[in-house]
Amino acid sequence: MLFSSKEFAIFFTIIFCLHWLLPWARVRVYLLLVASFYFYAAWNKELALLVCISTVMDYFVARGMDRYTSQPVRRLLLVLSLVANLGLLFYFKYANFFLDSLRQTLQAMGAEASFRPLQVILPIGISFYTFEAINYTIDVYRKKTPAEKNLANFMLFILFFPHLVAGPIVRARDFLPQVRRPKRWDWIRLQLGVQFFVMGLFKKWAIADRMAMYADPVFAAPEQFGTSALWLGTLAYALQIYCDFSGYTDMAIGTAHMLVYKLAQNFNMPYLACNVSDFWRRWHISLSSWLRDYLFIPLGGSRGGEWATCRNLMLTMVLGGLWHGANWTFVIWGFLHGLLLILHRIWRSFSQRVPALETAQQSPPGVALRMAITFVCVCLCWVFFRAQTLPAALTMVERMVVPSLGNSIPMHPRGILFTVAVVALCHVLAAHGIWKRVSIQLPAPVLGASYAMVMTLAMVLSPEAGKAFIYFQF
Amino acid sequence: MHAKISRAAAGTPVTVSGMPRQSRRAVLWSLGIVVSLQLALVVAMFWWIPGLRDPHYAWKVQCLRQRMQHAMGSASKPKLVVMLGSSRTALGFHADLLDEPLTQQLGQSVVVFNFGMTGAGPVTERLNLKRLLAEGIRPDLLLVEVLAPSLGDAERLPVEARLLNAERLWLDEVGILEKIDYPTQRLRKRWWQSWLAPWYTHRFAIMTQVDRECLPAGIRTDWSEVYGPSGWAPNPFPGATPEFRQRALEHARNEYAGLLEGFRLGGPTSKAVREILEVCRAERIRAALVLMPESPTFRSWYPDGVWEQIIAHVEDLRREYAVPIVNGQCWMDEPDFLDGHHLVEEGADRFTERLGQDAIVPMLQDPAISP
C-alpha cells in the first residue's frame, strides 16, 4: 500500500493508536512486526513469506558467525549469506534481463537462441532489504556489530514497514539499539513526524505527480517533440524523481518518528551540488554510503593509485546503476555517473594546481556556474535513467543537443517553471537555515496552520489517484 | 531547537519545559485546522457552491437560467421546453434553432434547452429532473430521450455507471437510485468516503476554477463549456475524414454490439424512464419520449426481435402514462452521422427542425396532451 493512500492512512492510524496504547515494550515490537508483515503481505502474501524466510536465514547465519571463532567457518557463513541474498536478488530481478541479453547477443552473432523467460514477480523492495541484510552480515563478520540475539528485533530491523519497500537503507548498528530502547510518548517527535510526513506528501502529490504529467508524454515519444519540449520534459523529470523519492523518504522518516524510531537522512538538497561527487553525497545517501562502504572500499577505494581508483569508481557506479533496474539504460546511467566522477577527479586535481582557478570556482559566480553545470549533467544522465530503451534515450539526447523541431510540451510550461521557482526558493531557505530559525519563532497555532495548509494544498494539487512511487520498482 | 530535536530524535528524553507543550499544540492545531478546512468546504458546497459537486450539471443549469432570464424580458412568461438525454441529444438537438420559429408560431416566447449530457442515460436523466425541479425549474414540455440500447441492462450495470460517480451525487439521490434497483452498495460507501476529504475529492473542479491550464484536458471539468448557450454541443470533429468516421463507427460498434447481444429488457434504466414519467405525472408536467436517430448501419446491429421489444416497451409506457412517443430512429441517413448515432451539424439541424415541427409545436399547441 502506498504511503499516500487511504488504505495506509487507516492502517497507520490503527497501528499508531495500538502502539501507544500498549504499555509493554516487547508487545510493541511484536505489533510492529505483525504490522510490517501485513504491510508487505497486502501486496503479495507469498513474497512476504519469502522475505521472512531470508531474514530468518540471515539471523541464524549472523548468530553462527558470532558463535564460531574459526575464520574459515565465519567466512563460509558470510559467503552463504551473500550467495543466498544476491542469488535471490539475481533470480527475481536480473535473470530474465541476462537471459534476454544473452539471447540478443547470440542472435547478433548469428546463432539460434530462444530462452523462455522465467515467470517471476519482482518482490517490491528486494533491492533495499537485500542490501540491509548484506550490510548486517558483513558488519557482523567484521565484528563492527554483534549479532542480534533476539529474532523479533532482527526481523523488525529488516521488515520495519516505513523503510521496507524503498529505504532508506538502514544500518543494523543504527537501528537495532532503537528497537531495544524503551519508547516514551514524545510530542516533539510526533511534531517532527507530522512535519516530515506532510512535507513528503506535498512533494509526492503536488510536485512529483504533477511533473509526471509533463515528463511522461515526452519520454513516451521523444522523437515527436522539439528541443525545448525535451529539455522541459527532462527538467520536469528531474523534479519528479527528486520529489518522488525524497517525498517517500520524508514520509518514511515521518512515520518512523511518530513511532519514536529514527531513520537515516537520505537526501540533502542534491541539486545544490557543485560537482558530481558532491551530488552523490547528497542523493540517496543511504545507497551511496552503502556502495562506498561495501563495494568501493573493499575493491580498494582510492588506495591503489589513480587508475585503480578510477576503475573502482566506475565499477561501483555501474553496479549502482544496475541495482536500480534490469535494463541497459540503468547500466549506462551508472556508467555516465562513473565517467563524470572520474572527470571531476581529473579536473579537481588540475584546478588545485592553479590557485586562480580554484579561487574563481569558490567565488559566488563560480559556485553558481558549477551548480548549473552539475545540474545539466545530472539531467542529461536522467534521460538514460528514465528512457524506456537505449535507442530512445540516445534519440532524446541527440534532439536535446542538436536543435530540433517538433511538438511543444503538451501542457503550458508555466507549471514547470513555477514549480522550479518554488523548489529553488525552498532550497535557498533551507540552505541558509531560514526555515529552522523561523519555525522556532512561530507560535503553535501558526505552525499548525502551516502544516494544515500544506496538507490541503497537496490534496488540491494532486493530479491523479494512486500513482506509485518510482523507487518501488527497484 | 534543532539540537534539542536531534537529541529527541536520538531517543533521549527532552527535559526543557515548554517545548513538548509547543509541539503538542502545533500538532493539535494542525489536526483541527485540517478538519475545519474540510468541513468548511462541505458547508460551502451545500450553501454556496453546489456546482462544485457536479460541474457539468452546474454549467448546463447556469446556461438554462441565463436563457430563461434573457427571455423574461418579453411580455409573457416564456414557455420552457427542455430535452433530457445523452450525448446523442447533446450533439443532435440544436435547440438554438427553435426559439424564434416556435415563438412566432405559437405567438408567445419559447425557450428551448438541450439538457443532453455526455455519458448520460435514463438514470442520469432521472437525477437531472429531480435537480431541476428542486431548483424550481419546471418545463412546460419535457422531452425525454430513451437511449434504446441501454434498456437492456437487466443483468448488468448500466452503461452510464462509468460516469455516474458517487462524488457527483447528493445523499437523497443515492436513495433515488436505490428505488430503481440501481446497485448502490459500493456507491454509497464511496459517497461517504467522498465527504471525508472534499478538497481531495473535488480537486479537479477546484483547480479548473483556479488555473485550468495546469491540468491536462482529460481531467479538467470545464469540457462542458463546449455546450453552447442552448446546451447544444456542435460536432467536435467537423472536418472528419471518411477514414476517421469509419474508425468512429467501429468504436461505436465495439461499444454497443456487446450491449445489444446481451439485451434483456429491464433493469435500472427502464425503471428510470418509468420513474421520470411518474414524476411528470405527479408534477403535472407534459412529457414525451424520444427515440433518437440511428444510422442504417447502427440499426443493423440490433439482433432479431430486440428493436421490437424496445418499441413494445415504449408503447406500454405510452399507454400507461398517456405520453406521446417520437420515434426518430429512421429519420436520418448515414452521412448525417459521425459514428452511426451522433449527428453531425447538418444532421442535427435537420433533425431539430423536424422534431420542432412534427413534435414540439403540436405538443405545445394540443391541449389533449395534458398531464
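1. Two strands count as paired if DSSP finds at least two bridges between them; strands (E, at least two residues) and helices (H or I, at least four) are DSSP runs, numbered from the N terminus. By that rule, β4 (residues 286-291) of chain B is joined to β5(B) by 3 bridges, and the two run parallel. Across this pair, L291(B) sits opposite N327(B) of β5(B).

2. A word on the model before going on: it is predicted, local features need pLDDT of at least 70, and side-chain atom pairs count only at pLDDT 80 or more, while totals for chains, interfaces and linings use all residues. Residues are numbered from 1 along each chain as its sequence is written, chains are lettered from A in the order written, and side-chain values use heavy atoms without hydrogens or water.

3. Now the whole sheet in chain B: it is open, with 5 strands in the order β2-β1-β3-β4-β5 and parallel pairing. Its edges are β2 (110-116) and β5 (325-327), each with a single partner strand, so one side of each has no neighbour in the sheet. Direction ignored, neighbouring strands are turned by 20° against each other on average (axes are lines fitted to C-alpha atoms, for helices over the stretch in contact; angles run from 0 to 180 degrees between N-to-C directions).

4. Helix α3 (residues 55-71) of chain B packs on this sheet, touching β1 (79-85) and β2 of chain B; contact here is heavy atoms within 4.5 Å. The direction of α3(B) makes about 175° with that of β2(B).
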